[in-house]
Amino acid sequence: MLQVIANAQRRYFKLDGLWHFRPDFKQEGQSHAWYHDNWEQQGQAYRLMAVPGSYNDQGADLKLREHVGDVWYQTTFFPPTTQPSERLMLRFEAVTHHATVYLNGHELGRHSGGYTPFEFDLTGLLDPNRAEQILTVKVNNELSFATMPPGDVITNSQGEKKQVYFHDFFNYAGIHRSVYLYTVPQTHLADLTVVTKRLSADHHQATVGYEVKVAGATAPVQVSPQSPVSPELQVNREPPVSPELQVSVALKHKDGTVVATAAGATGELIVPEPKLWGPEHPYLYYFEATLQDATGQIVDCYRIKCGLRTIRVDGLKLLLNDEPIYLKGFGRHEDSEVLGKGHNDAIMVHDYNLMQWMGANSFRTSHYPYAREQLDLADELGFLVIDETSAVGLNLQLGARGHDYQCPYQHFYQGITQDTAHNHAQVIKELIARDKNHPCVIMWSIANEPDSIHEGAREYFAPLTQLTRELDATRPVCYINEGNGDPARETLADLFDVVCLNRYYGWYTETFDLEDAKNRLRAELKGFRDKYQRPIIITEYGVDTNAGLHSFYAEMWSEEYQRKFLKLYHELFDECPAVVGEQIWNFADFATAQGIVRVDGNKKGIFTRSRRPKSAAYDVRARWLSRPTYYSK
């Protein structure tokens, strides 16, 4: 899905700001048709809620923070003047987890999946009798065994719904990213794919493949079958795209110098002396596609930034532009005080500056797709990103978060339905469709810590792995292995290109016994290397640390224990030639569900939630600044 932009053929208008908001504590909004009227004009009670942002922490209301079920947002807008040759689109960058969208009381459609964009074509659907159009969104945060991420809803003794989930971060909800109105020509460029297919042996030439898709006046612009326009809002469709329309493309330097051109919707560009994208030199070209009619008139034009680079696995090495690389960085969360998971540019920029200060070159979008702006900035700064779906918590062995819970199943695969696999495939499709052109994305992670040892795991994941490779054959595919999936019991690793391990010896097991932890981890690294002959990335390792707690004996939860733990792990990584990356869990402390194992959230951050460094930050910084990205063990 193309990003919303403005140029000579396109305009956009953000609907961000303070929206009217109503929590549906009595579950009456649908039956009372809250979507039908303008709440302000009808004198109905509402609060104000900032968009983008999670609703949970914006109030001073425990009931709202822990609410399970529907909440409602509403705003009004004056539609821009459009020409008959234009379409008016409505785009939501992310609504967590389920959205039902209404325009002037009529349902536009629905979308499930809290971290990828969806949109609607408003052409012909505006009410000509209204100056201001009413936009209402019902947001639901309930999780089930069919959703990504999964969960279960239970009822307590007071008859209140409570959300159980199997992931270890707070279940923030709301309109988390920007909302746009934007225009496109009736016949327009609907999608671009740009791929660096080959580099010559001496890197003096690159072959770039491209594909351009065009949508006509009749073309649907829905993100997926999950968001159909309601039948009562359908409009008559016109004939399809004229065959006389021509597509041309050009690759340019930022100063406008043309590097290569081609005609046609698909083809290849030959780039002499390419400036390759990488962490040390993140050079970005402009790729521009133009749609013209038979007279040569420009119908539509779209430009993206793209980096020329290849990424592949070769034995025990991960190669960027044919050179072995070592990842240094973090698992992260989109998480901050008050905003929750709401996107904020200032917080994003500060986080990237902190990662650069640390000497990091990579991170994982744990455990869901991050905002587009995050990847745009990673492209510009040269960060290497493992891009992950929202399939986190597919593992009952790790326990439920938030409430006493008796699960009816022994393992996750006993509870899945046909909808589970369908929804998992859908989040993979939407992730790749959105992020495929980002050079920073070097790997697709299709799940975090799923159950990889019980019957049904391989049957569930094999088709999803195949689907991912069919959608994008240019990047390695991985999943993130959890500690129960040791080399002897693991059933999935051979399906993937890279072994990614989350390990906590010395914390959750071998607690405080770092010598035993060292022996366990050393043996496991050797076991995965010998059995699978793939590169290994340690995608999580770390300990909870209370900032300011010090101990002469390096006791658990102290800053000294975090330093000692990380030092031991780093020594082991250096011993094993198969280890090609280390990503500490976590970049910063983050919010979690209430529970006896979490004190004010997860404290494994190298930084506090307010981004203050713990002592270990200086140790890790010294290590990463002295270790180059390109190296060989």
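## Basis

In this predicted model, local features need pLDDT of at least 70 and side-chain atom pairs count only at pLDDT 80 or more, whereas totals for chains, interfaces and linings use all residues. Residues are numbered from 1 along each chain as its sequence is written, and side-chain values use heavy atoms, with hydrogens and water left out.

## Largest cavity

Four cavities of 30 Å³ or more are found in the whole structure. A cavity is a set of points, on a 1 Å grid over the protein atoms alone, where a 1.4 Å probe fits but cannot get out; lining residues have an atom within 4 Å of a point. Grid points are joined across faces, edges and corners, and a volume is the space filled by probe spheres set on the points.

The largest cavity holds about 130 Å³. Its lining consists of 16 residues, with Glu334, Asp335, Gly342, Ile347 and Gln374 nearest the centre. Helix α2 (residues 345-358) supplies the largest share, three residues; helices (H or I, at least four residues) and strands (E, at least two) are DSSP runs, numbered from the N terminus.

## Second largest cavity

The second largest cavity has a volume of about 50 Å³. Among its lining residues are Tyr479, Asn481, Glu490 and Phe528. The elements giving two or more residues to this lining are β29 (477-481) and β30 (499-502).

Strands β20 (residues 285-292) and β21 (residues 298-306) pair in the antiparallel sense over eight bridges; pairing requires at least two bridges found by DSSP. Leucine 291 stands opposite aspartate 300 in β21. Five residues lie between the strands of this hairpin, where glycine 296 takes a positive phi near 90 degrees.

Terms used: 1 Å grid on protein atoms, 1.4 Å probe; cavity = no way out; pocket = protein on both sides within 12 Å on 5 of 7 lines; lining within 4 Å.
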